[in-house]
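Please keep the sequence and the structure in view while going through the points.

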Amino acid sequence: MAVLAGANSNQYSMHEIDPLRPEPPTPARQVTMLNWEILCIVCMFLVIAAFVFKTWLRRKWARLQLRGFCEGWASDFPGCVTVIKDRKGRDLFRDVRGFLNRAERKKMKDNAIFRLYSMTKPVTIVGALLLVDRGLLALNDPVSKFIPEFDVHEMEVVDAHGKKKKCKNEMLMRHLMSMTSGLGYGLVMNPTSTHPCDIAYKEKNVATRAQLLNSTSLADFCVRLARCPLAFEPGSRWQYGWSVDVLGRGIEVVSEKRLDDFLREEVLRPLQMYDTDFVIPESKHDRLMEEYELSAMGETVVTDYGLPLTECNVP
């Protein structure tokens with residue numbers, strides 16, 4: 001339809017009669033829309049605040065529970081440090097209690113140094129897996145490839161009755177990592193054992209701590225250990241023993257470094273574990289936790305294994 005001409009044509013313009021054009025909001029409607037927007041923003045902040053408060057409350061409650069837990073069991077120990085970190089290395093919980101040395105009433109320190117003992121094993125296995133990752137070592141490599149004394153043709157297996165037989169299964173590197181090599185601990189863990197295998201360890205001077213401290217090197221230790229019979233065929237079952245120590249010698253052969261030097265350079269320092277080592281420098285002796293154990297009477301007494309702090313022969 002054409003726009004009509006004339007004095008009153010503006011009232012019939014297409015612009016004014018276009019039904020698709022929205023009407024401008026009234027002032028009252030504008031206020032209502034603004035109120036809804038403000039309400040939505042407030043609700044959003046309330047939801048975020050509730051989530052943050054819930055997270056804070058859960059962490060606070062967890063800390064209280066952990067602190068109560070530490071108070072409950074720390075009385076059974078001369079001293080302890082409890083630390084929980086997140087994956088970014090930030091402290092989630094830290095609690096320090098007791099004494100470094102109870103006799104001297106020397107308070108526990110946040111940076112106290114504790115003996116790792118068998119936790120050395122996973123550190124050593126990580127070092128071996130680094131060599132596997134670099135293609136210098138394989139899980140199915142025979143141990144004799146690096147330590148000839150463990151040749152399967154030269155080894156024997158002895159049962160609890162003293163019956164010996166030639167070893168059939170090749171001892172592999174993965175057997176050392178999984179403690180299925182057939183190597184035990186001799187009399188170190190069980191001084192009263194009468195198992196022929198443990199007795200043989202004593203005869204070859206690898207049975208007691210005193211004998212171990214006389215080892216000049218891992219190489220010397222492994223030579224003497226290889227002369228002892230195995231408790232079972234490699235790979236047939238599990239037994240806690242010298243497996244990882246032999247693995248450490250394998251690392252030395254492959255890397256052409258001492259085990260402590262290799263782990264320090266390849267594992268500990270890259271992880272910034274500057275206080276973890278086989279030996280403790282004199283400057284850190286004041287941070288070392290005194291070692292205790294329960295006596296036969298149930299009393300807490302100082303442990304003395306005669307292990308040196310300033311030198312290391314075997315791990």
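**Notes on the predicted model**

1. Strands E1 (residues 79-85) and E2 (residues 91-101) are paired in the antiparallel sense, with seven bridges between them. Helices (H or I, at least four residues) and strands (E, at least two) are DSSP runs, numbered from the N terminus, and two strands are taken as paired if DSSP finds at least two bridges between them. Within this pair, Gly79 has Gly98 of E2 as its bridge partner, and Val83 stands opposite Arg94 in E2. The hairpin of E1 and E2 has five residues between the strands, and Gly89 takes a positive phi near 85° there.

2. This is a predicted model, in which local features need pLDDT of at least 70 and side-chain atom pairs count only at pLDDT 80 or more, while totals for chains, interfaces and linings use all residues. Residues are numbered from 1 along each chain as its sequence is written, and side-chain values use heavy atoms, with hydrogens and water left out.

3. E2 is also joined to E3, by two bridges in an antiparallel arrangement. Here Asn101 stands opposite Lys106 in E3. Four residues lie between the strands in the hairpin of E2 and E3, where Arg105 takes a positive phi near 55°.

4. On the overall make-up, the protein has nine helices and seven strands. Of its 315 residues, 34% count as buried, where buried means under 20% relative accessible area, exposed over 50%, and partly exposed in between (1.4 Å probe, protein chains only). Among contacts with a separation of 6 or more, 62% are between residues 24 or more positions apart; contact means heavy atoms within 4.5 Å.

5. Which residues have the most contacts inside the largest nonpolar core? They are Phe150, Leu183, Leu225 and Val246, in a core of 45 residues. Helices H3 (120-133), H4 (173-177), H5 (196-203), H7 (218-226), H8 (243-255) and H9 (259-268), together with strand E4 (156-158), each supply at least two residues of this core. A nonpolar core is a set of buried Ala, Val, Leu, Ile, Met, Phe, Trp, Tyr and Cys residues joined through side-chain atoms within 4.5 Å. Leaving aside neighbours within four places in sequence, Phe150 is in contact with residues including Met155, Leu183, Cys222, Leu225 and Val246. A second, separate core has five residues, among them Leu100, Ala112, Met289 and Tyr292.

6. H9 is mostly covered, with seven of its ten residues buried. The buried residues of H9 include Leu259, Phe262, Leu263, Val267 and Leu268, as well as Asp260 and Arg264. These buried residues pack against H3, H7 and H8.

7. The second largest pocket holds about 360 Å³ of space. Of its 16 lining residues, Phe77, Pro78, Gly79, Met289 and Tyr292 are the closest to its centre. On a 1 Å grid over the protein atoms alone, a cavity is a set of points where a 1.4 Å probe fits but cannot get out, and a pocket is an open set with protein on both sides within 12 Å along at least five of seven lines; lining residues have an atom within 4 Å of a point. Grid points are joined across faces, edges and corners, and a volume is the space filled by probe spheres set on the points. E1 and E6 (292-294) each supply at least two lining residues, and E6 gives the largest share, three residues.

8. Two residues deserve a check of their backbone. Met179, in the loop between H4 and H5, has a positive phi near 60° although it is not glycine. Gln272, in the loop between H9 and E6, likewise has a positive phi near 60° and is not glycine. Are these residues buried or exposed? Met179 is buried, with a relative accessible area of 7%, whereas Gln272 is exposed, at 57%.
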